[in-house]
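Keep the structure open beside you as you read.

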Amino acid sequence: MCSKSHLGVPLDTLFAPYPNSTNMQRARLELRDMMEDKFNDLLGQGVPEPEAVGQVIAEFGSLDEVAPALGIDAELGAVPNTRSHSTFPTLQPERARRYAEAVRGSALIRAVSTALFVLSPVPLLGLIAVFDRSGADGLPNGALAAGVVTLLVIVTMGLLLQVRRGAMLEEFYDIESGEFTRTSRSDAVAHELWDDNRAGVIRARMISVGLWVLSPVPVLLFSLLGEDNGSLVLFGVILTLCMVAIGLVIATLTNWTEGVAETLLADPEIDDDDEPSNPVIRVITAVYWPVVVVILLAWSFIWDAWGISWLIWPIAGVLYGAVWALDGAMTSHRERESSRR
């Protein structure tokens, strides 16, 4: 614990212009605790004491920046955070850390379920490619039925994993819906989490984006090498889906830190809009691209329409954007309704 001589004078200076109300006294004690925690943490890292004091004062030297977390917007004349309502319970740092651990524990489930959605057409595509390469005249009905059933089973497994993930985070519904009051100490948990994982998130994002950018290469390469051999093109599609799935897994296993930090801060400075807020639209987006791939292949093979079936991709892209726009409109409407209550 650092002595009053370290932080007492800066605190007195910060709070001197404002009335000594009960709320301001509480805020002063809370901010002092936060500053002391930061000071002791810096000392533990080997930072010299004078330098540690300077860093603490530099970080917490403005009440305007911490007013929403301390709940003293009115006293400072600041605009209150609309998601941190005074009637909501205060979020303690211990519970914030437990929420972060729960989200981290569920990240693998989310990654696997996302990969299953993307890879669900692979068995059907593999069967089509194998029978086409063997010279068979079309895919037998039994094999087609097996491929479609397998696709549906894989999608179902992905959905069940999503349900399982939701159950794991159910006790933190209040946090995920923003029904809590922020404090400077809970904010510190969010900032610390993001600062500790920022480099890993950036590296994972670079790898994922690289895989997604290169994912069309197998299809293009096999199309050129295979000439009119449709089976090689299908193997290329399978490799493309695998690259997309791997990129999603890598991104999902690290991006959870962004979502947690945004949720705990309840004032998104970190953008993590990688998932629709509406549960119905989440299901639609989960199976959207696998269904598009199945439609593309069915049209191309059954009607031999490779020359025009590629138009499905830009059309599907526009419709996908419309689905996200609909989710955004529904979210905005819900937030407006909540603000009126």
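Helices, as the word is used here, are DSSP runs of H or I with at least four residues, while strands are E runs of at least two, and both are numbered from the N terminus. By that count, the chain has 15 helices and zero strands. Please keep in mind that this is a predicted model.

**Confidence and overall make-up**

The chain has a mean pLDDT of 75, and 68% of its residues reach 70 or more. Two stretches call for care when you look at them. Over residues 78-86 pLDDT stays under 50, and the model has 21 contacts beyond four places in sequence for them.

Of the 341 residues in the chain, 40% are buried. Among contacts with a separation of 6 or more, 75% are between residues 24 or more positions apart.

**The largest nonpolar core**

How many residues does the largest nonpolar core have? It has 21, and those with the most contacts inside it are Leu91, Tyr99, Val103, Ile175, Trp256, Val260 and Leu264. At least two core residues come from each of helix H6 (93-119), helix H10 (184-214) and helix H12 (230-265). The helix that gives the most is H6, with six residues.

Val103 touches Leu169, Trp256 and Val260, leaving aside residues up to four places away in sequence. Leu264 sits in helix H12. Is Leu264 buried or exposed? Its relative accessible area is 0%, so Leu264 is buried. With residues up to four places away again left out, Leu264 touches Leu91, Ala96, Tyr99, Ile175, Phe180, Arg182, Asp187, Val189 and Ala190.

**Where H2 meets H10**

Helix H2 (residues 22-44) packs with H10 at an angle of about 35 degrees, and the two axes are 9 Å apart. On the H2 side, Glu30, Asp33, Met34 and Asp37 take part, and they meet Ser184, Arg185 and Ala188 of H10. Sorted by type, the residues of this contact are two nonpolar, one polar and four charged.

Why does Ala188 count as buried? Its relative accessible area is 19%, and buried means under 20%.

Helix H7 (residues 122-133) has 12 residues and reaches 16 Å from its first C-alpha to its last, close to the 16 Å expected at 1.5 Å a residue. Its buried residues are Val122, Leu124, Leu125, Gly126, Ile128 and Ala129.

Trp299 lies in helix H13 (residues 279-302). With a relative accessible area of 30%, Trp299 is partly exposed.

**Distances along the chain and in space**

| Pair | Apart in sequence | C-alpha to C-alpha |
|---|---|---|
| Ala188 and Met34 | 154 residues | 8.2 Å |
| Leu264 and Pro93 | 171 residues | 9.9 Å |
| Trp299 and Ile312 | 13 residues | 9.8 Å |

The pair Ala188 and Met34 belongs to the contact of H2 with H10 described above, and Leu264 is one of the core residues with the most contacts.

Notes:
Residues numbered from 1 in each chain as written. Predicted model: local features only at pLDDT ≥ 70, side-chain atom pairs only at ≥ 80, totals over all residues. Heavy atoms only, no water. Core = buried A, V, L, I, M, F, W, Y, C linked by side-chain atoms within 4.5 Å. Buried < 20%, exposed > 50% of the residue type's maximum accessible area, 1.4 Å probe, protein only. Contact = heavy atoms within 4.5 Å. pLDDT = per-residue confidence, 0-100. Expected span 1.5 Å × (residues − 1). Axes fitted to C-alpha atoms, helices over the stretch in contact; angles between N-to-C directions. Nonpolar A, V, L, I, M, F, W, Y, C, P; charged D, E, K, R; others polar.
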